[in-house]
Amino acid sequence: MRNRLNALLLLLLFIFVLVPAAGAAADAAACLGCHGSMEGSVNVNQEKFSKSVHGSFDCIMCHMSLKGAQHAGLSGKADAATRELASQISPKSKIDPIAQAACAQCHGDIYQAYKGSVHGKNVINKKSPDGPVCTSCHGSPHYIQPKTSKESAVNHFNVVQTCGKCHEEKFMSEKYGFSEHVMERYKESFHGRKLKVGHPNAPSCVDCHGSHDIKSDKDPASPVVGANKIKTCSKCHAGANEKFVAAITHQAPRPIAHFTEIALIILTMSVFFFICIHVLLDIYADVRDRLFRKGKGGSHE
Amino acid sequence: MNNKNIPTEIERFDLSARIQHVIMFTSFLLLSFTGWGLKYAYQDPASAWIRFWGGAKMAGMIHRVAGITMLLDFIYHQFYLINQARKGGFRLSLVPMPKDVVDAFHNFMYFFGFRKEKPYFGKFNYMQKFDYWAVYWGMFIIGASGFFLAFPVTVSSLFPMWSIQWIWDVIFVMHSDEALLAIVFILIFHFYNEHLRSEVFPMNWMWLTGKMSIEQLKHHHPAEYDYLYGDKKKK
């Protein structure tokens, strides 16, 4: 029995330690041997990686052509399509554009949608360092969680914050001509508030604007433009018409709404001060009467 | 004082009025509790508070049901008033009068010690009238805007096109800010007058009994006392 156990342990030792070390191809364990303890952007947290949706992957599935002598012979060479995409997105994806481009290998349909989106065109065609690539919204692919997870950056309740990373920036709104108040106006709206307190049906940005195939509001194909907007609002508000959908623009409030609010605040504060003073005086008079006017104060006997 | 024609207590609120009040404050509290979570959604305890009320969906449902209950209670009250008038003996004792301004002035004089006696209050003093009419203000501003917000698609067709860009912002601040005003008003003014004042603490039991003793009436509503019994017992 003991011999068998020893044999088994030896076998396990051989499989886990000796085989990768001798390895012809590198698997994740071999890479993590170094990258698990390295500092900075090259570090990969083994525990978090193993729990991610990509946790079973080998590193070289995405890092298809590794550079540097230390990686010699560990990976092959990326295919032509991936290399081309990598060169297109390289201004945006600095660490390993090949690995970033590799997402399209499995997520081809999403890549096609992204390519036609305002984000994708900005990155791929205009070579802009602003527009997002996959990891800009989804976070590091090493730690990616399913959309249903609370930790996912694109979870229903987290995605607004993720969009806000860029869309809250003033220079972005100036450069690309979207409303400077878009995030602020969404957050103070009923939609934003309901989402914040955990309403499962409250719309986040992507429920109206779309995600991978997102379009500029100058594009007639945008789901929030013209007749499309009516269709989009109707997803929740049955019977929505042109008049109804005009309500949400994410623009700064009109002066009349602004001044109504100020008037109401003045009214609230005035009533507040009046009743506070009234109550305090009443307490004062009550105490005074009890102390100094026993049996007399305020009586009509 | 022991005049046989003068009862020891007098009914100020009949059963219907007391039930209306209970429905009103129950729905008011539910509306305040659930609405508060949404108004301050970005302050930390809001999400936990909403979870306490069964999550955002349930809190929204409670808010709508309580809101409609309150509106129905308010509408019922109008029929109640009409019925009171039909039965006769209906007095406009809650209508604000120039005398209320004089009373308020006298009350402040009394607070500051310039007058020895409290004002010659009628059946309802100016504070109680303020309390009563505050509900009408709340119903028209908060109730109407709440109704609009509950049925936005239907209601939007009532608004002219040129108002669409701002009308919802106006409705939103009306609902939210005036609700805050209502809560602050109840919490400070109504709670002080009917719960915390040394005479009534812990509460004015009239909300259950509907009755006030004659001494209380004479002390707090002398004009009403004189109106009812004055001819029998000259002041």
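## Model and confidence

Helices here are DSSP runs of H or I at least four residues long, numbered from the N terminus. By that count A:Asn241 sits in the loop between α15 (226–234) and α16 of chain A.

This is a predicted model. It scores ipTM 0.90 and pTM 0.86. Chain B has an average pLDDT of 92, and 96% of its residues score at least 70.

## Chain A

Chain A has 17 helices and zero strands. It runs to 301 residues, and 23% of them count as buried. Take the contacts in chain A with a separation of 6 or more: 44% of them join residues 24 or more positions apart.

## The contact between chains A and B

Chain A contributes 37 residues to the contact, and chain B contributes 40 residues. On the chain A side, the elements giving two or more residues are α13 (190–196), α16 (242–245) and α17 (255–292) of chain A. The most comes from α17(A), with 18 residues. By type, the chain A side that touches chain B holds 19 nonpolar, ten polar and eight charged residues.

## A:Asn241

A:Asn241 has contacts in both chains. Leaving aside neighbours within four places in sequence, its partners are A:Ile230 and B:Ser157. Is A:Asn241 buried, partly exposed or exposed? It has 14 C-beta neighbours inside 10 Å, so it counts as partly exposed; burial would take 20 or more.

A:Leu280 is 39 residues from A:Asn241 in sequence. Their C-alpha atoms are 52 Å apart in space.

Helix α5 (residues 126–150) of chain B has 25 residues. At 1.5 Å a residue it should span 36 Å; the end C-alpha atoms are 34 Å apart, so the two values agree. The helix still carries a kink of about 30°, centred on B:Met139. The buried residues of α5(B) are B:Tyr126, B:Met127, B:Phe130, B:Ile142, B:Gly143, B:Ser145, B:Gly146 and B:Phe148. What do these buried residues pack against? Their partners are α3 (55–87), α4 (98–111), α6 (152–156) and α7 of chain B.

One of those partners, α7 of chain B, spans residues 164–196 and has 33 residues. Its first and last C-alpha atoms lie 45 Å apart, close to the expected 48 Å. Where does α7(B) bend? The bend is at B:His190, by about 40°.

## B:Glu11

B:Glu11 belongs to strand β1 (residues 9–11) of chain B. Beyond its neighbours within four places in sequence, B:Glu11 is in contact with B:Gly210 and B:Lys211. B:Glu11 has 13 other C-beta atoms within 10 Å, so it is partly exposed.

B:Ile167 lies 156 residues from B:Glu11 along the chain. The C-alpha atoms of this pair are separated by 45 Å.

Technical notes: Residues are numbered from 1 along each chain as its sequence is written. Chains are lettered from A and ligands numbered from 1 in the order in which they are written. This is a predicted model: local features need pLDDT of at least 70, side-chain atom pairs count only at pLDDT 80 or more; totals for chains, interfaces and linings use all residues. Two residues are in contact if their C-beta atoms, placed from the backbone, lie within 7 Å. Ala, Val, Leu, Ile, Met, Phe, Trp, Tyr, Cys and Pro count as nonpolar, Asp, Glu, Lys and Arg as charged, and the others, Gly among them, as polar. pLDDT is the predictor's confidence in each residue, from 0 to 100. A residue is buried if 20 or more other C-beta atoms lie within 10 Å of its own, exposed if 12 or fewer, and partly exposed in between; C-beta atoms are placed from the backbone. The expected span of a helix is 1.5 Å times one less than its number of residues. The bend at a residue is the angle between axes fitted to the seven residues ending there and the seven starting there.
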